[in-house]
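Thank you all for coming; please take a moment with the sequence and the model, and then we will walk through a surface feature and a helix.

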Amino acid sequence: NFFAPLVELAENDPGRFDGLFIDRLSKSLIVLVPVVALLLQLLYWKPRYVAHLVFSLHLHSYAFLVLIIGAVVDVSIGVMGLSGKGIGNNAATLAIAIYAFLALRRVYGQGRLISVVKLVALIFGYMLALVLTMIATLIVTVAAL
């Protein structure tokens, strides 16, 4: 019953539904910056949360910039990759993963293997936080209808 207005809106006016959800989601993604800092705090036991927060902000800024460039490439050439997403999106995702690995090694000074393991843990935690953020955004969108 709670999601009935949202289902009705999605069926009757999918453009408005997409607009409402994307608008709220883009604002709620800011929550992920301190979440990544918290994950870094758990992965790197040193008590320097503010430094982790700055690193997280830096990493998110890079990721958003690269994703924008990937979206521009996808729109410009209109070529789709194997995943059904554009080649620009796929290249951006790869660039973000490589950059995150190199940045973790440089900032935290650990070896390749431990950096890969911690990057995988960070990605898993990020995906979990992203899904929870999307669910919370969906609930807020329904409550606002």
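Predicted model: local features only at pLDDT ≥ 70, side-chain atom pairs only at ≥ 80, totals over all residues.

Which helix gives the most to the nonpolar patch? It is helix 4, with three residues. Residues are numbered from 1 along each chain as its sequence is written, and side-chain values use heavy atoms, with hydrogens and water left out.

The patch on the surface is formed by Leu 38, Leu 42, Tyr 49, Val 50 and Val 54, and helix 3 (32–43) and helix 4 (49–77) each supply at least two of its residues. Helices here are DSSP runs of H or I with at least four residues, numbered from the N terminus. Tyr 49, which lies in helix 4, is partly exposed, with a relative accessible area of 32%; buried means under 20% relative accessible area, exposed over 50%, and partly exposed in between, using a 1.4 Å probe and protein chains only.

Now to helix 2, where Phe 17, Phe 21, Leu 25 and Ser 28 are buried. They sit on the same side of helix 2, because they cover an arc of only 60° around the axis, the arc being that of the directions from the helix axis to the C-beta atoms. The buried residues of helix 2 pack against helix 1 (4–12), helix 3 and helix 6 (112–144), where contact means heavy atoms within 4.5 Å. On the other side of helix 2, Gly 15 and Lys 27 are exposed.

Technical notes. Patch = residues over 30% accessible without salt bridge, like charges linked within 9 Å, V, L, I, M, F, W, Y side chains within 5 Å. Areas by Shrake-Rupley, 256 points an atom, 1.4 Å probe, with all protein chains shown as cover. Salt bridge = Lys/Arg side-chain N within 4 Å of Asp/Glu carboxyl O.
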